[in-house]
Every structure is written in C-alpha cells, then in structure tokens.
Amino acid sequence: MLASKDQAIGALIFIVCLVVAIGYVIVLVAPSSVSPLIGIPPESLQFWAVATVVLIAFLAVMFIGAWIGWTMATTPPPKPIEELETEIESEEKESEEEGEEQQEKKEENKTK
C-alpha cells in the first residue's frame with residue numbers, strides 16, 4: 001500500500017523528532033561520547049544542550065504572549081449589551097412585520 005504525501009511527511013517528521021530526542025538524551029547523559037565527534041568539551045556540550053532548549057522554550061512562550069497581545073490590541077471591542085438588545089428587538093419587529101405582510105398576501109391570494 002502506497003502512503004499519501006501527508007503520511008510520508010508525517011513519517012519523516014516522526015523519524016526526525018525521534019532521532020533528535022535520542023541524540024539530546026545521549027548528549028545529556030553521556031556527553032563524553034559525543035564531544036570528540038564535534039570537538040566541544042563535554043561540560044560545554046551539556047551546557048549548550050540545556051541552554052538551547054531553554055532558549056527555544058522561552059522564545060515560544062514570548063511569541064505566544066506577543067501573539068495574544070497583538071490579537072487583543074487589534075481586535076475591536078464588542079458592542080455593548082444594550083446595543084445588541086436594541087438591534088435584536090428591531091430585527092424581531094422587522095421580521096414580524098414581514099411575516100404579517102406575507103400572511104396578508106396569502107389571505108388576499110386565497111380570496112381571489
């Protein structure tokens with residue numbers, strides 16, 4: 001069975017996330033096994049692994065906060081309840097009047 005394009009992308013994302021998670025755990029638990037490969041001392045490697053994740057998490061929280069603030073700042077305030085009530089009442093009156101007119105037309109058509 002062939003996978004759709006979305007399923008293939010989903011599988012790729014899953015594999016990348018799994019590899020990154022395993023690599024991250026290895027860097028935190030056994031940095032001396034990875035440090036010779038990239039030429040960074042084990043202590044620095046652990047520090048930067050933690051600092052990078054903390055920075056990304058911090059920036060994500062700040063982005064969400066900024067997005068909420070921007071949305072609140074650019075969204076117009078809702079109408080006061082009194083205005084809404086008067087609008088609803090006027091719409092109900094209009095629909096009642098239209099209903100009465102239609103009823104009168106039906107009665108006129110019946111008498112013809």
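**View 1. Helices H1 and H2 are roughly perpendicular to each other (65 to 115 degrees counts as such).** In this predicted model, the axes of H1 (residues 5-29) and H2 (residues 31-38) cross at roughly 105° and come within 6 Å. Axes here are lines fitted to C-alpha atoms over the stretch in contact, with angles running from 0 to 180 degrees between N-to-C directions. Helices are DSSP runs (H or I, at least four residues), numbered from the N terminus.

**View 2. Here is where H1 meets H2.** From H1 come Ile26, Val27, Leu28 and Val29, and from H2 come Pro31, Ser33 and Val34; contact means heavy atoms within 4.5 Å. These residues divide into six nonpolar, one polar and no charged. Ala, Val, Leu, Ile, Met, Phe, Trp, Tyr, Cys and Pro count as nonpolar, Asp, Glu, Lys and Arg as charged, and the others, Gly among them, as polar.

**View 3. H2 has a buried side and an exposed face.** Down the axis of H2, the buried residues fall within an arc of 110°, so they line one face of the helix; the arc is that of the directions from the helix axis to the C-beta atoms. They pack against H1 and H3. Turned away from that side are Ser32, Pro36 and Leu37, which are exposed (over 50%).

**Notes.** Residues are numbered from 1 along each chain as its sequence is written, and side-chain values use heavy atoms, without hydrogens and water. Local features need pLDDT of at least 70 and side-chain atom pairs 80 or more, while totals for chains, interfaces and linings use all residues.

Definitions and conventions: Helix = DSSP H or I, 4+ residues; strand = E, 2+ residues; numbered from the N terminus. Parallel < 35°, antiparallel > 145°, perpendicular 65-115°, else oblique. Buried < 20%, exposed > 50% of the residue type's maximum accessible area, 1.4 Å probe, protein only.
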